[in-house]
Amino acid sequence: MQQRLTSSSPRTSEPLVRVDGLAKSYGSTRAVRAASFSIAAGEIHALCGHNGAGKSTVVKMLSGQETPDEGAIHLGGEALDLRTRQVAQRHGVALVDQELSVVPSLTVAENLVLGDGRTPWVNRRASPRSRALLDSVGLEHVGLDQPLGSLGIGERQLIEVARALGQDARLVILDEPTATLSDVESEYVYASVRKVAAAGCAVLFVSHRLGEVLTLCDRVTVMRDGQVVATSTSGELTIDSLIEQMLGEAPHHPQKVTAAEVDRDVVLSVEGLTVPGRVQDFALSLQAGRVYAVAGQLGSGASDVLRAIAGLVPEATASVTVDGARVAVGRPIAAVRAGIAFVSNDRKSEGLFLDKPVSWNLLATRLPDVTRLGVVSRRRWTARLSALVELCGLDRGRVGQSVGALSGGNQQKVFVGRCLGRDDVRVLLLDEPTRGVDVGGRAAIHTLLRDAAGAGLAVLFSSTELEELLDLADVVVTMHKGVVVQRHEGEPASAVLLREMTHGAGDSAAHGAVVAAGGDR
Amino acid sequence: MNALSAPAAPPRQRDGLRHRPRLAVDAVVVAGVLAVVAVGLSTDRFVTVANAKAIITSASLVGIAALGLTLIMIGGSAVSLAISQSVAAIGMIFLSAQSLGLIPALVIAVVVGALITGLQGAVVGYAAANPVVLTIAASFAIAGLATGISGGVSVAPSGLGYDHLNATPGGVALSVYVLLVLALSLEWVLRRTAFGRSLYMVGENRVAARAAGMPVGRTTTVAWLAAGALFAVTAVFTAAFNTSANVNLGGTLTFDAIAAVLAGGTPISGGRGSALRTLAGALLVSAVSDILLLRGYSTGVQVMVKGLIVLAVVVLVHLRTRESHA
Amino acid sequence: MMLARVTRPDVLLPLTAVGLTAIAFAMVPVYTDTTLTTFDVYNTLQIFARLGLVALALGITMIAGEFDLSVVGTYALGGMLTVQAGQESWAHGVLAAVGAGAAIGLVQGCVIAGLRLPSMPVTLATYIALLGLTSALSGGLTKTYSNPEVTLWVDQVVLTYFSPRSLVTLGLFVLAAVILAGTRWGRELRAIGGDRRASRVAGVRVNRLLVGTFVVSGALSALGGSLLSFSLGSANPDPGVQPLILAAAAALLGGVSLAGGRGSPLGLLGGILAVALLAEIATVAAFPGYVAQLFYAGLLGVIVIVDAPDLHHTVTRLRARLRPPGGGGTRPLSQETP
């Protein structure tokens, strides 16, 4: 499978980057066992695998953030000892980290040269180059002197990409660079990546978005359980075959059980939800027992809608009622008291208490239920806990373990489980419910949500993934640039959803909005 | 052991895995304690009942204030830098209220103490103000008001009831009994009540607690109210012992209390710690100072060693918790 | 653009603080019976010289997102070493102090950066240990410096308003400002204060920079102690916590954020000048000491409350409630609802 090199560098016999038998263990966990692959100059090489497959550890070793236990990294035929980020940078390894790594308190220009250790002096003449870099990632409207903190997440991510591409590196590593980007923004990243590759740079592209992997990358290395499973040219692969390599089994498409369309009680009603600059006049009613989705790319306002209903957006205005009773907007505690439970997309900083046992996390929001006169009752605590552990399908032996020690999927189960099995919760809001969760965990979470709806809750989640939207939701509301595009009941075509999420109502006028627009034409 | 049936245990790793560096840290701790014990045993007059009383008595006043600070630290508000000033102000109030009788004076002192610190806690809890800056501001305000109102002179007691606090039932200072009772009750509160659990969780991750709809502001305020009451208890004993109070009554108490909490192994970042640890920390600092005193070292050396103990514990605790996260 | 720059808190705060206190200072003759002399300006700068280096030392660690409580310990130790090692030659005294300060900073920096420890507990422990060490060195007594020429020299009036001591302090502020503005260390210092993980990933030598920051902080505060000992002709083993608190107040007034990532030496200069002016006003106008304390309390209280994140949420929420329906203040979105 190693025979084909990319078209842009057919003559090179020795690949620019060669990774030989890398291994790394953390304590007793063997994160990477024996990873070997190579990248030619001018090649865009994808690294795929599910969470915990060892991709991030490989990236860390290549970028100088971790030292391998075994194995060697060759760059340009030379074996390198990349002890720190600085050493790696000096050898020409640029990195766009999985987590956003720009500093909000600095200006855009300062961020673009951050970490550049070539000279101690501030170079006042660097700005034309910085300007050109910004323009190349589609940020013509951003000023160099603007504080980075005033920009949105997508723009910040693009600035990090620009910083890496501006380093004249030999190897550019991009670890999920498009995860927080809209499709338009992603296109700028693809174009820039193609440009640096064409200039003879090796690119390692880590992504969960299999579509972009197949269209952008020349070859794909798949990892599973810390080992490289296969390296194939992207032409030989399809999304299904790629998933099969990642999972070690053929993907199955679970059948959705759509809740019957009967008249049920409206649990949550939202009207006139406006977040200045982000969401305009959103309205939706949720019926008990059904699953609703707000579909939209990052920046579409989908996530803001959920956060606003949960009381986490202080500048939001809306009229929200739960079971007919009005809820004050902008205070999380008011939302919780009204029966709205929220599962954030950032479970580490806005969800779980990682240092605390599973049991504490599951019962965190229902301390009044397990206490008598403020004192924890062992009997109630244990009873509640057993029921919840059962409900979420968690391993009973792990309830005493700290949540931080669990896998992403199990952490998410705890987070969701915290909102389940209680009478006072009427509405369950989930922002990207399966972000950073592996395939097995995903199915389990989806089942949990289905069951929750079955138990009479109204469930509303936001997602950018078509598969998840189609599998899980009874009603999908698409959003684009802060406004609702269309409401779909039943089984919408994925192409329609995608078009609405990426282009809004404008282009789909011929399809969905034909009634509204037809009269004028 | 079935973990389901053990809800009461404080948060810690229970996976049974003990890594090498963690063992090394434990070994250092054991060696350190053994060294202290060995030096203590070889020190003249260290192992006497009288000396044991001296150690625990000298630990008692700092210890009670440190218990209050423990609540603040577990709740994620780092430290209060206004402890000395609060104690001085409460001491002055307590002594000037002696004419009302001991019990009313005590009640006034504890209530005012709780309110002074609780007010700061409310600002920290509800507005998420930075506790370090806020308590620096509070220390200026309290000291300024106390000086302004008292005219900068020492307050003499207006009655004699305070002297009951200097009693030594069974030959041990009353403050020692109070310290032990308070430490045990606080430990129970932290382990067994909803407030205690909320405090640990708010302290570990305030943002998550807020998003989950936990009463962050209330929990923090209650913790600071209780801390203020505990500072007030230290204040009344200190004032009673000195029989007069001025703005310098608190002395170096702020830093002594922080040192005791840290020496007990409670990390400053919040979400962990316990009252018993703080008690142990206060006793450790006191015992080492006592050994040095008996061996004829100057106050300067005692203070220096106290600083080094705190440094060592901070580093060791950090190494140990970091290991358990890896 | 200019306006945007002035409204940034790291510029606005020190400007406001210096402006207000300077006006209050100039108005002293209006509300008291005293008149102002050039000596009052000189005296203000002497107060500035006493606290300036400690504030600068604390301030740069705060920009880097740390909080070096040990500055006052180093300050005390520096003063004591200067007296004990510098009886023969002032240079030996200064060298001993600065060397010790830098060494202490090096150890602390290595511990904090190497083990990724929070700085507050470490520097607090060092502070306690250094106070003990200073007291042990001096036997707990104030030591006199028997070299009156040096004492007279550092405090002589130069250029009407200055003394060598205040000029040295001012010079170090300017030097720090030039270095931080003209090299990448300035932005990297703010970067590690703003987001340490991101800086590390971007390739900033975080550990080296942190250690350097603590070394500079130790050296500066020890030098501050030296200069004070020369000026007083003696060294006190325990300066109390007042210098620390005033230095912290000066740094916050100077626009440094306790969260890190924000601030500059010139802002710090503004902050410490405001503190010095206030102290001088209190002296000239013969205010009782507690008035100044209450004033600091008020200032810091305002800073901390204005900075409090959850208060912002509440204000934003209330403002959103008051916004006219239909979104008078909202940016028009690119599309209308169908």
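Author: Let's begin with a term for ring pairs: rings of Phe, Tyr and Trp (for Trp, its six-membered ring) pair if their centres lie within 6.5 Å, and planes under 30 degrees apart count as stacked, over 60 as edge-to-face and the rest as tilted. The structure holds 6 aromatic pairs over all chains. One of them is W360(A) with Y200(B), whose ring centres are 5.9 Å apart and whose planes stand at 70°, so the pair is edge-to-face. W360(A) sits in helix α12 (358-363) of chain A and Y200(B) in helix α7 (194-204) of chain B, so this pair joins two chains. Helices here are DSSP runs (H or I, at least four residues; strands are E, at least two), numbered from the N terminus.

Some ground rules: this is a predicted model, where local features need pLDDT of at least 70 and side-chain atom pairs count only at pLDDT 80 or more, while totals for chains, interfaces and linings use all residues. Residues are numbered from 1 along each chain as its sequence is written, chains are lettered from A and ligands numbered from 1 in the order in which they are written, and side-chain values use heavy atoms, with hydrogens and water left out.

Now for chain C itself. Its domain assignment (bounds come from an automatic or database assignment) gives domain 1 (39-286) and domain 2 (291-320). The centres of these two domains, taken over C-alpha atoms, are 28 Å apart. In contact (heavy atoms within 4.5 Å) are 9 residues of domain 1 of chain C and 7 of domain 2 of chain C. Together the two domains bury about 690 Å², with carbon and sulfur atoms giving 78%; buried area is the accessible area (1.4 Å probe) that two parts lose on being put together, summed over both. L252(C), L253(C) and L278(C) supply 52% of what domain 1 of chain C buries there, more than any other three residues.

Next, the side of chain C that faces chain B. Here 40 residues from chain C meet 41 from chain B. The buried area is about 3400 Å², and carbon and sulfur atoms give 83% of it. I128(C), V304(C) and D310(C) supply 15% of the area chain C buries against chain B, more than any other three residues. D310(C) also forms a salt bridge with R206(B), the closest N and O atoms being 2.5 Å apart. That term takes a side-chain nitrogen of Lys or Arg within 4 Å of a carboxyl oxygen of Asp or Glu, and the rule finds 2 across this interface. α7(C) (119-138) gives the most to this side, with 12 residues. By class, the side divides into 31 nonpolar, 7 polar and 2 charged residues. For those classes, Ala, Val, Leu, Ile, Met, Phe, Trp, Tyr, Cys and Pro are nonpolar, Asp, Glu, Lys and Arg charged, and the others, Gly among them, polar.

Then there's chain A. 36 residues of chain C are in contact with 49 residues of chain A, burying about 3500 Å², of which carbon and sulfur atoms give 53%. The rule finds 3 salt bridges across this interface. R190(C) and E110(A) meet in a salt bridge (2.5 Å, N to O). Elements giving two or more residues to this side of chain C include α9 (164-182) and α10 (184-194), and α10(C) has the largest share, 7 residues. By class, this side has 11 nonpolar, 12 polar and 13 charged residues.
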